[in-house]
Amino acid sequence: MDGEELTEQETALYDRQIRVWGANAQRRLTKSHILVSGIKGTVAEFCKNIVLAGVGSVTLMDDSLVTEESLNANFLIPPDENAYKGKTVAEICCDSLKDFNPMVLVSVEKGDLSARSTEFFEKFDVVVIGYGSLATKKAVNEKCRKLSKRVAFYTVDCRDSCGEIFVDLQDYKYTKKKLEEKVECELNFPSFQEAVSVPWKPIPRRTAKLYFAMRVIEVFEENEGRKHGECSLLDLPTVLEIKKKLCEANSVSESHVPDSLLERLITGTIEFPPACAIVGGILAQEVIKAVSGKGEPLKNFFYYDAQDGKGVMEDISNSFTS
Amino acid sequence: MDPQQQSAIQGAKVLMVGAGGIGCELLKTLALSGFHDIHIIDMDTIEVSNLNRQFLFRRSHVGQSKAKVARDAVLRFRPHINIRSYHANVKNPEFDVDFFKQFDVVLNGLDNLDARRHVNRLCLAADVPLVESGTTGFLGQVTVHVKGKTECYECQTKPTPKTYPVCTITSTPTKFVHCIVWAKDLLFAKLFGDKNQDNDLNVRAKKEASSSKETEDVFERAEDEDIEQYGRKIYDHVFGYNIEAALSNEETWKNRTRPRPIYSKEVLPESLTQKNGSTQNCSATDVDDSTVSAMPLLGLKNPQELWGLTQNSLVFIEALKLFFAKRKKEIGHLTFDKDDQLAVEFVTAAANIRAESFGIPLHSLFEAKGIAGNIVHAVATTNAIVAGLIVIEAIKVLKKDEDKYRMTYCLEHPSRKMLLMPVEPFEPNPSCYVCSKTPLVLEINTQKSKLRDLVDKIVKAKLGMNLPLIMHGASLLYEVGDDLDDIMVANYNANLEKFLSELPSPVINGSTLTVEDLQQELSCKINVKHREEFDEEKEPEGMVLSGWTQSPPTKGESASTSKNESDVDVTESSSGPEIASKKRRLSETEPKNHKRETENVEGEDDDYLMEIEDDDLTEIENPMTVSKKKKRVA
Ligand SMILES: [Zn+2]
């Protein structure tokens, strides 16, 4: 196996999880570098999980200041105004995360993620964008794809009690154990741009409605220049207008995207903590899989909705048209 | 969040049982979700190996109460809520039905079957809904149990702790786990544990009356006896002499591979002392017990490395020397503990030498520790997901949203695209002895079985009762409690040693016994059926309890079992026949989780079974079969 062995301290601390994924996977984890931007409830859960799992480093980006709202589902921020006054969300979360596992290097990177050069992303093995705008998600994904090394790219978004994860592992090889045999597998992931541009018509009807609803909200926030979650019931007419246009453009009926779901997504601006725990848990599991090269990864969207309780995987790529 | 939900959450008083892997996540998610009044019970203290997932704990907390530290940690980010912690066993009498009645819902994050059953009964008796959970690796499940509406936790039989026939352990091991059980429960216990305990370590060499006195003396160390010489004597006795003695029993080896006796002089140099005079040279003062270790003295660093026979033999002798040199005071009252490094080293080495002798593949210390300690395979992510699911179900229960109750399974590989699979809960099983009053049937030889056998093997082990009381008609045969006078205790003790048919009120074919647990407020009837003979292999306990069956299968279920095979994504290392089995624990697909033994046993002393501690048992049902049996709650 590549690299040094785990230290005695690491073996003792990670004992239980090594029994799940093995020492080699743990070694790869301890050498991985993760960039995370946009830290609200679900991302806080994700960060906790990967810091506990023992990745090499976590770099946090979120220059927003702590507000009442950011306290909601984010247990990394102590509710003491004296402690968080004048500090950014990333700085406060960094302090809490360091405490979870002294063996993981947690640091803060200031500035705007979308303004970063392609080279910036080369330092990382995994990039996670939480609650990003359509433009940011597209731009960062393209930069990651330009690099010679493969950077695993994820986006995550939670609204009301619903969550979405997007995964781009480009061309990804992994081993899968089938009975006693090890099988080499390969998956080809579309980019974010490609995935959200897939025509709706050929997509199977049983596909999670959230996929379409999230695209509508994305376009709404982009057109109106809103930040994530900056919306209310007053915006419903505009949102429905956008939905109508998108459905027409894709030649599908408007019932494709239920109005009630859109209404939930724009009014439920406060995250539901149990949904954060669930989506943040699934995302961390996927990142651990990708870093360790063990197990079949999620391709390429995941949806959770506490209302029906289902956590489903959707493969949205151009395979429908071909 | 809708106002109805908000008021349900804010008005709720919640009991959490367990502050471990699931518990830490659950307490955090409850607090974030707006719960104001949370009580939490856990008897455990914090250990280093908890820190990778029980994120409310830090290294500085090791040794402290989990419940208390978890409470303090959550109060730091939600200072104004009420959390009450109890550093205690949930089976303690103070947690009685009245205690349970004060809560609106009980949430379990437990790690053992025994406590789960106990909480299930108290929830039924107090009529408080229960949300139950469990995880193993990437697999998890959350279930809802509401009296009269959904099945209770015990409506379907649960796998009982794994047991191995004594004979397999003492004479004919075929798997590494048998060697581990031998090293841990017999050899380690004999050398370092309570000398007065019964122990089957010595092979009864064919009725050689003479040797019994001698062999006892082998384990006694004379005051001035050189430790290394003593260690070699033990080595030669258990790995050499005992194997030879067993070999002399030709009958045993007719259809088996004969083991090879191993003597220390074949594998170790004459004297080890010059090579590494560790024990003699080290100062024996100021050592922390848990850090004494033989490995560094022998230049062994990696716990995942496989040691050969010589290395195992060196570790065996060195660990034994260290026990006598540095932990002498504890000898005589040690029990095996998976967190005791020296004990793990000794057991690993002894099990490996025995495995070598029997031609069984050797294992690393890391693997041996997992088997010996029955260690759960646990990751933070699954616990976090399961905790989120528990809170979602708890909210539905508080809102009395009956149509929406779900059991949810976390899968490692998606099934029908789902990683989180909700399933409608089952109805209560009408023949469940816990939540309905269906009598049980016990087949037993009433002339050859003592009341003690009934109490130990049925009432405690099978029915999971804590403080049992047994009645036959109006006659009280047995009870446990602090308030009994000496005459009653003497009476009950005398009854324990009597055959059922010779009790003051004789229990014979057709008798009906009433068995109660006053703390659990559980009472059940047992109809006794006398039977002369029992199959030693299939019914090694010499009695058979039946009557509480699994939920009646719905149409087409048996036909679907073979189809399941193609439906289920084959999990790493699972094998065909297991998938086809109708109902099973998913965790059993992992090779390290040793399965219950069904192998044939020969020999004369198989009439009782040895139990393996099973503290970390987590049952996970097969979601595929469960989803196929889907039933609507009436
Ligand atoms: Zn029941």
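Okay, let's start with chain A, which is divided into domain 1, covering 8–194 plus 271–313, and domain 2, covering 196–267. Before I go on, please keep in mind that this is a predicted model. The centres of the two domains of chain A, taken over C-alpha atoms, are separated by 26 Å. In the contact there are 24 residues from domain 1 of chain A and 16 residues from domain 2 of chain A.

Now have a look at helix H3 of chain A, residues 23–30. Which residues of H3 are buried? They are Ala23(A), Ala25(A), Gln26(A), Arg27(A) and Leu29(A). And what do those buried residues pack against? Three helices of chain A: H2 (15–21), H4 (41–53) and H13 (273–292).

The peptide bond running from Lys299(A) to Asn300(A) is cis, and its omega is near -20 degrees. So much for chain A.

On to chain B. Here we have 634 residues, and 58% of them are buried. The chain B count is 20 helices and 16 strands. Now take the contacts in chain B between residues at least 6 apart in sequence: 70% of those join residues at least 24 apart.

I'd like to show you two helix pairs in chain B, and H13 of chain B is in both. Angles under 35 degrees count as roughly parallel, so H9(B) is roughly parallel to H13(B). The crossing of these two is right-handed. On the H9(B) side, the contact is made by Tyr235(B), Phe239(B) and Ile243(B), and on the H13(B) side by Ala350(B), Ile353(B), Arg354(B) and Ser357(B). If you sort the residues of that contact by type, you get five nonpolar, one polar and one charged.

In the second pair, H13(B) packs with H14(B), residues 365–372. How far apart are the axes of H13(B) and H14(B), and at what angle do the helices pack? The axes are 9 Å apart, and the angle is about 100 degrees. Anything from 65 to 115 degrees counts as roughly perpendicular, so that's what we call H13(B) and H14(B). From H13(B), Gln341(B), Val344(B), Glu345(B) and Thr348(B) meet Leu365(B), Ala368(B) and Lys369(B) in H14(B). That contact divides into three nonpolar, two polar and two charged residues.

One last stop, still in chain B: the loop between strand E8 (407–415) and strand E9 (418–423), where we find Arg416(B). Arg416(B) isn't a glycine, yet it has a positive phi of about 45 degrees. Is Arg416(B) buried or exposed? It's exposed, with a relative accessible area of 56%.

Lys417(B) is found in the loop between E8 and E9 too. Its phi is near 70 degrees, again a positive value in a residue other than glycine. As for accessibility, Lys417(B) has a relative accessible area of 31%, which makes it partly exposed.

Methods. Residues are numbered from 1 along each chain as its sequence is written. Chains are lettered from A and ligands numbered from 1 in the order in which they are written. This is a predicted model: local features need pLDDT of at least 70, side-chain atom pairs count only at pLDDT 80 or more; totals for chains, interfaces and linings use all residues. Side-chain values use heavy atoms; hydrogens and water are left out. Axes are lines fitted to C-alpha atoms, for helices over the stretch in contact, and angles run from 0 to 180 degrees between N-to-C directions. Helices (H or I, at least four residues) and strands (E, at least two) are DSSP runs, numbered from the N terminus. Angles under 35 degrees count as roughly parallel, over 145 as roughly antiparallel, 65 to 115 as roughly perpendicular and the rest as oblique. A crossing is left-handed if the near helix is turned anticlockwise from the far one by less than a right angle, and right-handed if clockwise. Contact means heavy atoms within 4.5 Å. Ala, Val, Leu, Ile, Met, Phe, Trp, Tyr, Cys and Pro count as nonpolar, Asp, Glu, Lys and Arg as charged, and the others, Gly among them, as polar. Buried means under 20% relative accessible area, exposed over 50%, partly exposed in between (1.4 Å probe, protein chains only). Domain bounds come from an automatic or database domain assignment.
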